[in-house]
Amino acid sequence: MALYLRRAIKLTNTIRTTTLLLRSSNTQTRNISHFLLSYNQLTPRSQNLTPFCSFDFLRDSRRGFAKGKKSKDDSGGSTMELAPDIGPSVKASAASQMDAAIVALSRELAKLRTGRASAGMLDHIIVETDGVKMQLNHLAVVSVIDSKTLSVNPYDPNTLKALESAIISSPLGLNPKVDGQRLIAPIPPLTKEHMQAMCKVVAKSSEDVKQSIRRARQKALDTIKKAGSSFPKDEAKRFEKEIDELTKKFVKSADELCKAKEKEITQG
């Protein structure tokens with residue numbers, strides 16, 4: 001019984017001590033709050049000091065990394081941006097367009113019949129077989145037997161009649177004959193009138209391709225001009241010179257192709 005009484009007295013003392021400590025802590029907290037309130041009232045608003053560290057610098061720093069934010073130089077000037085070097089890509093594009101014009105010219109010239117046999121002179125002929133229209137060179141192999149004779153060998157012998165009909169109907173003036181599972185197409189000599197007409201077609205094709213080449217040149221120069229001040233004047237002059245040299249090169253190629261075709265037409 002005495003043991004229980006001692007434990008009860010000890011517990012009562014512990015509770016009393018804890019209560020005194022809590023009261024003392026609350027008193028100190030009220031004193032600190034009263035001190036801060038008095039300090040703010042006595043201090044001018046312009047000189048108020050924040051009792052805790054400010055985190056404004058975090059907010060200011062974060063603004064600099066906002067999406068789309070452009071950095072400025074240290075002097076506080078305008079945003080500095082480096083223009084990409086568009087010269088090589090513009091030149092490559094112009095060269096590609098000019099080359100495509102030469103390829104198209106070569107394809108057109110191959111369609112013209114001359115007095116000499118050429119394997120490519122039948123490529124543009126359209127053949128209809130089983131209700132489907134296809135180019136002749138997709139249905140047969142055309143080869144040169146001699147300077148005055150062509151051989152047409154179909155991949156499928158069943159298309160032989162369709163090939164013959166298409167060649168006869170073309171404006172080339174050819175009259176192929178069936179020879180087993182192939183066609184033999186003699187190349188008749190050109191008349192003087194036909195030669196003159198073919199030479200006019202060649203001249204027209206030459207002028208058309210030259211215009212295409214010049215348009216590619218002008219397009220490249222206009223692209224650089226639109227770049228404005230971002231493209232240095234010295235670089236612009238050098239670029240224009242390179243484009244002019246490229247233009248002369250492809251124009252020369254067109255002239256050589258057309259002259260060779262005219263020679264083939266006139267000399268048979």
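In what order do the elements of the protein run from the N terminus on? And at what angle do the axes of helix α5 and helix α6 cross?

Analyst: This is a predicted model. From the N terminus on, its elements run α-α-α-β-β-β-β-α-β-β-α-α, which amounts to six helices and six strands. The protein has 268 residues, and 25% of them count as buried. A search for aromatic pairs through the whole structure finds zero.

The part you ask about is formed by helix α5, residues 192-227, and helix α6, residues 233-267. Their axes come within 10 Å and cross at roughly 170 degrees. An angle over 145 degrees counts as roughly antiparallel, so α5 is roughly antiparallel to α6. Sorted by class, the contact of α5 with α6 has 18 nonpolar residues, three polar ones and seven charged ones.

Several residues of this region can be looked at one by one. Glu235 belongs to helix α6. With a relative accessible area of 32%, Glu235 is partly exposed. Its side chain and that of Arg238 are joined by a polar contact of 2.4 Å.

A polar atom of the Thr247 side chain lies 2.8 Å from the backbone oxygen of Ile243. Lys249 and Phe250 make a contact of another kind: the charged end of Lys249 sits over the ring of Phe250, at 5.7 Å from the ring centre.

Asp130 is in the loop between β1, residues 126-129, and β2, residues 132-135. Its phi is positive, at about 55 degrees, although Asp130 is not a glycine. Most residues other than glycine have a negative phi. Asp130 has a relative accessible area of 79%, so it is exposed.

The next loop, between β2 and β3 (140-146), holds Leu136. At a relative accessible area of 0%, Leu136 is buried. Between Leu136 and Ile125 there are two separations to set side by side: eleven residues in sequence, and 5.6 Å in space from C-alpha to C-alpha.

Strand β6, residues 182-186, contains Ile184. Ile184 counts as buried, at 17% relative accessibility. Ile184 and Val142 are 42 residues apart in sequence, while their C-alpha atoms are 10.0 Å apart in space.

To return to your part: α5 and α6 cross at roughly 170 degrees, and their contact includes 18 nonpolar residues.

Methods: Residues are numbered from 1 along each chain as its sequence is written. This is a predicted model: local features need pLDDT of at least 70, side-chain atom pairs count only at pLDDT 80 or more; totals for chains, interfaces and linings use all residues. Side-chain values use heavy atoms; hydrogens and water are left out. Axes are lines fitted to C-alpha atoms, for helices over the stretch in contact, and angles run from 0 to 180 degrees between N-to-C directions. Helices (H or I, at least four residues) and strands (E, at least two) are DSSP runs, numbered from the N terminus. Angles under 35 degrees count as roughly parallel, over 145 as roughly antiparallel, 65 to 115 as roughly perpendicular and the rest as oblique. Ala, Val, Leu, Ile, Met, Phe, Trp, Tyr, Cys and Pro count as nonpolar, Asp, Glu, Lys and Arg as charged, and the others, Gly among them, as polar. Rings of Phe, Tyr and Trp (its six-membered ring) pair if their centres lie within 6.5 Å; planes under 30 degrees apart count as stacked, over 60 as edge-to-face and the rest as tilted. A charge sits over a ring if NZ of Lys or CZ of Arg is within 6 Å of the ring centre and within 35 degrees of the ring normal. A polar contact is a pair of N or O atoms within 3.5 Å; within protein, one must be able to donate a hydrogen and the other to accept it, and residues adjacent in sequence count only if both atoms are side-chain atoms. Buried means under 20% relative accessible area, exposed over 50%, partly exposed in between (1.4 Å probe, protein chains only).
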